[in-house]
Amino acid sequence: MSDNDTDTRAEQTQPAQPQSSLQMKPEALPAAFRAFLRDNDIDEDAYTAAFEHLDLRYIRLSKRVQLKEEELGAEFPGIRPVPWCPGFYAMPHTAKLASSALYTNGHVYGMDVSSGAAVTALQIQPGDHCLDLCCAPGAKLCMMSDLSGEEGSVTGVDVSRERLAACRTLLLKYKHDNVRLYLADGRSFSTSAPAPPQPCSCHCRLDVNGSDGDRHGSDDATRDRAQQQQEQQEQQQQQHEQPLQQHGHPRPGRRKIPKRDRMHFVNGMFYCARPLLERYRLDRPAQAVGGGCTCHTHSRLYDKVMVDAECTHDGSIKHIIKYNEWGWDTFERRFFDPHRIETLEALQRQLLTTGFSLLRPGGRLVYSTCSFAKRQNESIISWFLDATPTARLLPADLPSSTPHTHPREQRLKHCIKFNPKVSGTSGLFVAVITKTEASRQQADVATD
Ligand SMILES: C[S@@+](CC[C@H](N)C(=O)[O-])C[C@H]1O[C@@H](n2cnc3c(N)ncnc32)[C@H](O)[C@@H]1O
């Protein structure tokens, strides 16, 4: 649930916006914001024109329930499936989601369909181990959890304790038990993917607990050394995964987190539910020991990585327009603080770099923002591709009817954008990157 997505808290505290309030005059936009739009070649029209389809909101069905169209229609009149994103439905913005039985019973999620497209672009397969480096409050995380299934896992990381607590509430509500959450700075996150449940087929026999099997020695002394080494690594890791708040996500109106929803962190980590803990021994971060196997499975890199980076949120048009009522000074203070803008692009570059370093060769990484600004999107991607010989941009491979930018309008090949004027969704930039095998070959040579 990004700012593009239905936020349970916002929904409970803010009345649904009538359609008329989704329209405003250009002069009502604050000067700093208009200058930002001009500097970034962003069309002011997006905020000031009346768009009928901005009056839509979207839901996603939980994978665990089978609902008939009639059941959905009875609860949400006017609802219809989104043909290009399976499991998603569009309905009038005035539909009461938070008070509906389907929502309170955890059968549907409030999630913008552009966010759904970003997750779809990851092409998650059952059994995949996924990383979500800026996960809170967690709509994409929940979808990733559904897609990776019981044999897969999702590791969620966020720097904001408050937002991560909202994420945890969501995971508990929807009973996602293949997710672990970390309160950590995504720029320096280094915890590997969970250990595989089975010894892998490359004969190295590295077992579930991260200790070596036959090939790398299996006696008690070796195990003790491995365990010591693992504990040392864990301590070092925790030292640099302390929460940093300076890029905490701004949101209007803080809500006190109920006691039952507060997170109980153990050494900076919270594990969502027991099943994942039991399957993968997540009570300690999995580490390949003894410099052993370099096969994909045991290098413990992630199959899929989502970097839904912190940004200026200027593409969340419905959200931005609400500042007309909430007060633009809050917006200027929170989004356009000069220091924040200055450091934002560096943050985005670092998050992308870290996400990529944790991606396995051949895996897929999605970089997304809900900004229209080239400097936070295409420029970051171009910089990264220039700096990283093993990175390659891929087409998002979404269904052809997906209403994103036409290839002719793409500023950078394969990078797509959802423009609310055209798509009826919130604004979102999506780029898909893969890691070529070159890095794998290098790793193999190093261990030979
Ligand atoms: C666009 S929101 C993510 C929305 C989320 N992916 C979802 O679908 O609900 C960006 C998130 O990045 C987090 N963030 C900011 N700086 C960070 C950092 N250095 N490391 C990790 N997370 C960070 C913010 O707290 C915020 O929750």
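In which loop is the place of Asn 377? In this predicted model, Asn 377 belongs to the loop between strand 10 and helix 15. The legends below begin with the whole chain and then turn to individual sites.

**Figure 1. Overview of the predicted protein chain.** The secondary structure consists of 17 helices and 13 strands. The chain has 448 residues, of which 45% count as buried. Among contacts with a separation of 6 or more, 78% are made by residues 24 or more positions apart.

**Figure 2. The loop between strand 10 and helix 15, with Cys 370 and Asn 377.** Cys 370 is located in this loop, and helix 15 covers residues 378-387. The unreviewed UniProt entry assigns the feature "active site" to Cys 370. Cys 370 has 29 C-beta neighbours inside 10 Å and therefore counts as buried. Asn 377 lies in the loop between strand 10 and helix 15 and is likewise classed as buried, because 27 C-beta neighbours fall inside 10 Å. Leaving out residues up to four places away in sequence, Asn 377 touches Thr 369, Ser 371, Cys 415 and Phe 429. Asn 377 and Ala 309 are 68 residues apart along the chain, and their C-alpha atoms are separated by 9.9 Å.

**Figure 3. Strand 13 and its pairing partners, strand 10, strand 11 and strand 12.** Strand 13 comprises residues 428-435; seven of its eight residues are buried, so the strand is largely enclosed by the rest of the structure. Strand 10, formed by residues 359-369, pairs with strand 13 in the antiparallel sense over six bridges. In this pairing, Ile 433 of strand 13 has Leu 365 opposite. Strand 11 (residues 391-394) is also antiparallel to strand 13, and four bridges join the two. Here Ala 391 has Lys 435 of strand 13 as its bridge partner. Three bridges link strand 12 (residues 416-418) to strand 13, again in the antiparallel sense, with Ile 416 opposite Val 430 of strand 13. In a regular strand, side chains alternate between the two faces of the sheet.

**Figure 4. The annotated positions Asp 158, Asp 185 and Asp 308.** The feature "binding site" is placed at Asp 158, Asp 185 and Asp 308 by the unreviewed UniProt entry. These positions span 151 residues in sequence, yet no two of their C-alpha atoms are more than 13.7 Å apart, so they gather at one spot. Asp 158 is part of strand 6 (residues 153-158). Asp 158 counts as buried because it has 29 C-beta neighbours inside 10 Å. Apart from neighbours within four places in sequence, the contacts of Asp 158 include Cys 134, Cys 135, Ala 136 and Arg 163; Leu 164, Cys 167 and Leu 183 are also among them. Asp 185 occupies the loop between strand 7 (179-183) and helix 9 (220-240). With 23 C-beta neighbours inside 10 Å, Asp 185 is buried as well.

**Figure 5. Packing of helix 6 against helix 7.** Two packed helices are described by the angle between their axes and the distance between the axes. Helix 6 (residues 113-120) packs on helix 7 (residues 139-148) at an angle of about 45 degrees, and the axes are 10 Å apart. The two helices are therefore oblique to each other, and their crossing is right-handed. At the contact, Ser 115, Gly 116, Ala 118 and Val 119 of helix 6 meet Ala 139, Lys 140, Met 143 and Met 144 of helix 7. Helix 6 is mostly covered, with eight of its eight residues buried; among them are Val 113, Ser 114, Ala 117 and Thr 120.

**Figure 6. Backbone details at Pro 137, Lys 175 and His 414.** The peptide bond leading from Ala 136 to Pro 137 is cis, with omega near 5 degrees. Pro 137 sits in the loop between strand 5 (129-132) and helix 7. Lys 175 is not a glycine but has a positive phi of about 55 degrees. Lys 175 lies in the loop between helix 8 (161-173) and strand 7 and counts as exposed because it has 12 C-beta neighbours inside 10 Å. His 414, again not a glycine, has a positive phi of about 75 degrees. The loop between strand 11 and strand 12 contains His 414, which counts as partly exposed, with 17 C-beta neighbours inside 10 Å.

Terms used
Residues are numbered from 1 along each chain as its sequence is written. This is a predicted model: local features need pLDDT of at least 70, side-chain atom pairs count only at pLDDT 80 or more; totals for chains, interfaces and linings use all residues. A residue is buried if 20 or more other C-beta atoms lie within 10 Å of its own, exposed if 12 or fewer, and partly exposed in between; C-beta atoms are placed from the backbone. Two strands pair if DSSP finds at least two bridges between them. UniProt positions are given in the numbering used here, feature names are shortened, and annotations may be inferred rather than shown by experiment. Two residues are in contact if their C-beta atoms, placed from the backbone, lie within 7 Å. Axes are lines fitted to C-alpha atoms, for helices over the stretch in contact, and angles run from 0 to 180 degrees between N-to-C directions. Angles under 35 degrees count as roughly parallel, over 145 as roughly antiparallel, 65 to 115 as roughly perpendicular and the rest as oblique. A crossing is left-handed if the near helix is turned anticlockwise from the far one by less than a right angle, and right-handed if clockwise.
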